[in-house]
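I will jot down each thing I look up.

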Amino acid sequence: MTDVSSLSGTSREVASKLFRARAHSVEVEARPRAEITHKPRKFNPPMPKHYYYYLMAPAIAILAFISLYPFFWLIIMSLQDVDIGGGEWIGLKNYTKLFTDARFIDGWILLAQYSVMCLGLQVGLGVTLAVVVNSSKYEKYLVTALLMPMMMAPAVAGLLWLFLYNGTFGWYHWVLQSAGILDSASILASADTAMYAIVLVDVWQWTPLITIIALAGLKRVPRDQLEANMVDGASPLRNFFAIILPNLYPVLLIAVLLRFMDNFRFIDSILVLTGGGPGSATKILPVYLFEVAFKFFKLGRGAAIALTLLIVTILLGKLLVRVFEKPQGGKG
Amino acid sequence: MATVTIRNVWKYYGETPAVKDLNITCPDGSFVSILGPSGCGKSSTMRMIAGLEHISSGDILFDEQRVNDLAPKDRDVAMVFENYALYPHKSVYENIANPLRLRGASESTVKERVEGAAKLLEISHLLGRRPHELSGGQKQRVAIGRAIVREPKLFLFDEPIAHLDAKLRAHMRGEIKHLQRTLGTTMIYVTHDQLEALSMADYIAVMHDGELQQWGTPSEIFNNPVNAWVAGFVGEPAMNFLTCGIKGEGDGVSLMHKNFEIPLLPGQVRQLNGAAQTGVARMGVRPDAMSISMTRPSEAAIRGEIFVNELLGGDMLVEVELDDCRIRVKTTPEFAGKPGETCYLTVNRDKWHVFDAGDGHAYF
């Protein structure tokens with residue numbers, strides 16, 4: 001086949017057709033190339049190890065200054081009786097005193113109540129909203145509208161709701177009062193209802209986050225699995241629990257982790273709305289911590305509370321990851 | 001077990017019709033293949049039968065029951081998806097058991113049926129695994145297991161073996177066909193692979209552009225295509241088409257081309273009646289309905305020049321250049337012609353086809 005010269009006259013035409021593509025490529029090959037004037041440099045020449053440490057040193061220094069130094073200072077502080085003037089070494093006394101501090105224990109209980117209510121409502125509402133938004137043709141507009149509360153600074157949100165809850169001119173107060181749920185006192189003024197008020201604000205502000213995350217999760221639920229399950233005989237509700245929810249677990253884990261850690265940290269709106277009151281009805285642990293450290297300036301005790309809070313947050317986070325990562329459903 | 005009747009079914013996506021006035025009746029217990037290129041409406045048709053797509057107009061009936069408004073779960077069909085659609089968070093056992101569980105079967109029935117299905121498909125040893133631990137062929141068996149475990153009225157297979165490698169695909173073709181014979185359940189099998197349709201189905205529905213082109217047994221589709229499109233789509237290597245003039249009257253009609261003039265067989269002249277007036281037609285010849293030789297066997301032989309030889313193992317495919325086109329001929333590997341040499345083709349006139357030059361319908 002390749003021996004063109006052996007072919008007769010007409011077959012040479014055939015051969016030229018056959019080899020046209022090849023002749024073209026030869027032409028391209030034959031074009032002069034740019035002169036290579038230098039040897040290409042080796043990209044990753046091996047370097048001694050200390051070279052890399054030098055490269056990282058500035059970053060480590062900055063990190064140490066803004067993050068590690070305060071953290072270790074916090075630990076040291078928690079072992080001292082610190083006032084504005086200075087500290088006195090008291091060992092673990094700050095910690096042991098916590099166990100007999102009723103308001104510390106109450107703070108934990110209230111924090112647990114607050115966090116569970118917030119998370120439960122936010123996940124339930126958030127996923128439901130995500131399903132509704134996902135099946136709506138106005139999805140784009142709904143998402144934009146949903147994002148608005150999240151854009152607001154928590155303290156501003158607190159002020160806004162303080163206004164809405166106001167017993168004299170608050171619109172929500174008027175609605176709740178008209179519905180017979182409240183009497184003339186503001187929802188924030190009663191120890192029985194204040195907790196619900198701050199939960200509502202958190203739910204209002206942060207449910208959209210769960211919705212957005214769940215919406216992203218819904219987009220990647222495999223359609224063929226849904227359809228297979230439908231043909232297998234599942235109703236829409238069973239389809240939701242058998243296919244959609246297991247596919248949402250990984251993203252919900254992220255959402256729940258974020259929100260639960262936020263609940264342990266964000267107290268801006270609570271400080272604005274109730275400041276922990278009435279009485280100690282909304283004095284969840286971070287609020288109490290704020291009070292101890294920055295109202296009474298018991299910085300050593302505050303540091304001990306903060307560290308306890310940090311350790312519990314880490315442990316709970318690990319536990320959550322473990323629970324959610326366990327494969328769902330199925331036997332064997 | 002059910003007879004499936006598709007009656008005047010249309011499917012629109014927005015303004016675009018995907019299925020146009022489809023009429024098919026799949027006899028009870030038969031293996032029906034819907035064959036067509038991608039975008040021909042075959043998958044839409046299957047999804048309408050399963051209840052996953054809304055039927056724009058027309059009716060789908062299982063036996064005498066109109067199922068248009070039934071939810072998928074109430075239609076008693078089982079479907080195997082192109083991507084298997086296994087539930088990744090469930091074990092193989094639970095995947096297969098899913099349709100039974102959803103219908104509230106007792107634990108002992110589930111166990112018995114799942115193990116029965118697994119045994120039939122030779123996947124008993126995989127029951128404890130999860131889908132991500134399986135190979136493509138194993139996943140596909142699990143998907144089939146999930147379909148057969150419930151003994152539904154109707155099987156719907158949507159290109160189930162398209163993603164397997166060639167050897168496994170050939171193996172699974174036989175297995176699926178055997179399975180359908182064993183179970184005796186009506187099966188509708190969507191594919192774009194004409195070889196799958198020809199080798200497995202009792203009946204083939206060939207679709208193109210949303211329209212049913214032809215309904216028939218594999219041999220009818222292959223030997224008597226109703227139009228040039230079906231003739232060109234079915235068969236590998238594809239049929240050769242040549243635009244020819246028609247010459248002569250009465251019994252002496254022949255097809256004229258720059259390179260040849262071949263008289264029609266007496267019976268075929270009558271069938272060509274209509275085209276004789278237009279004076280043009282398209283001749284269609286399959287590569288294996290011709291023979292090639294280096295010497296002129298008769299006056300009616302087609303003279304051409306060998307363009308290229310392709311050896312396909314047991315056969316040789318020769319591409320022959322005529323004045324204005326190339327045609328392919330199947331011959332034996334012993335054929336000695338070389339590219340550039342003159343050769344002669346003899347058409348087996350019992351097996352050739354003539355199509356209308358305009359709309360492409362077949363005269364014979």
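**Entry 1: the domains of chain A**

How far apart do the C-alpha centres of domain 1 of chain A and domain 2 of chain A lie? I looked it up: the two centres lie 32 Å apart. I note at the outset that this is a predicted model. I then checked the bounds. Domain 1 of chain A covers 49-95, and domain 2 covers 101-325.

Next I looked at how the two domains touch. Domain 1 of chain A puts 12 residues in contact with eight residues of domain 2 of chain A. Which elements give two or more residues to the domain 1 side? I found helix H3 (49-78), strand S1 (80-82) and helix H4 (93-98) of chain A. H3(A) gives the largest share of that side, with four residues. I also sorted the domain 1 side by class. It holds six nonpolar, four polar and two charged residues.

**Entry 2: chain A as a whole**

I counted the elements of chain A. It has 14 helices and two strands. Chain A has 332 residues, and 27% of them are buried. I also looked at its contacts between residues at least 6 apart in sequence. Of these, 67% join residues at least 24 apart.

**Entry 3: H5 and H9 of chain A**

I picked a helix pair in chain A. Helix H5 (residues 102-134) and helix H9 (residues 194-219) have axes that come within 6 Å. Those axes cross at roughly 40°. Are H5(A) and H9(A) roughly parallel or oblique to each other? Angles under 35 degrees count as roughly parallel. The pair H5(A) and H9(A) is therefore oblique. The crossing of H5(A) past H9(A) is right-handed. I sorted the residues of this contact too. There are 19 nonpolar, six polar and one charged.

**Entry 4: one histidine**

I went looking for A:His38. I found it in the loop between helix H2 (20-30) and H3 of chain A. In sequence, A:His38 and A:Leu315 are 277 residues apart. In space, they are 58 Å apart, C-alpha to C-alpha.

**Entry 5: H10 of chain A**

I turned to helix H10 (residues 223-232) of chain A. Eight of its 10 residues are buried, so H10(A) is largely enclosed by the rest of the structure. Which residues of H10(A) are buried? I listed A:Gln225, A:Leu226, A:Glu227, A:Ala228, A:Asn229, A:Met230, A:Val231 and A:Asp232.

I then asked what covers the buried residues of H10(A). The cover includes helix H11 (236-263) of chain A. It also includes parts of chain B: helix H1 (42-50), strand S6 (77-80) and H2.

**Entry 6: chain B as a whole**

I moved to chain B. It has 10 helices and 20 strands. Its C-alpha trace spans about 75 × 45 × 35 Å along its principal axes. Of its 364 residues, 42% count as buried. For contacts in chain B between residues at least 6 apart in sequence, I noted that 65% join residues at least 24 apart.

**Entry 7: H2 and H4 of chain B**

Helix H2 (residues 92-102) packs with helix H4 (residues 136-148) of chain B at an angle of about 30°. Their axes are 7 Å apart. H2(B) and H4(B) are therefore roughly parallel to each other. The crossing of H2(B) past H4(B) is right-handed.

Which residues make the contact? From H2(B) I wrote down B:Val92, B:Asn95, B:Ile96, B:Asn98 and B:Pro99. From H4(B) I wrote down B:Val142, B:Gly145 and B:Arg146. By class, this contact has four nonpolar, three polar and one charged residues.

**Entry 8: the domains of chain B**

Last, I looked up the domains of chain B. Domain 1 is 4-233 and domain 2 is 240-356. Their centres, taken over C-alpha atoms, are separated by 39 Å. The contact takes five residues from domain 1 of chain B and five residues from domain 2 of chain B. On the domain 1 side I found three nonpolar, two polar and no charged residues.

How values were computed: Residues are numbered from 1 along each chain as its sequence is written. Chains are lettered from A and ligands numbered from 1 in the order in which they are written. This is a predicted model: local features need pLDDT of at least 70, side-chain atom pairs count only at pLDDT 80 or more; totals for chains, interfaces and linings use all residues. Domain bounds come from an automatic or database domain assignment. Two residues are in contact if their C-beta atoms, placed from the backbone, lie within 7 Å. Ala, Val, Leu, Ile, Met, Phe, Trp, Tyr, Cys and Pro count as nonpolar, Asp, Glu, Lys and Arg as charged, and the others, Gly among them, as polar. Axes are lines fitted to C-alpha atoms, for helices over the stretch in contact, and angles run from 0 to 180 degrees between N-to-C directions. Angles under 35 degrees count as roughly parallel, over 145 as roughly antiparallel, 65 to 115 as roughly perpendicular and the rest as oblique. A crossing is left-handed if the near helix is turned anticlockwise from the far one by less than a right angle, and right-handed if clockwise. A residue is buried if 20 or more other C-beta atoms lie within 10 Å of its own, exposed if 12 or fewer, and partly exposed in between; C-beta atoms are placed from the backbone.
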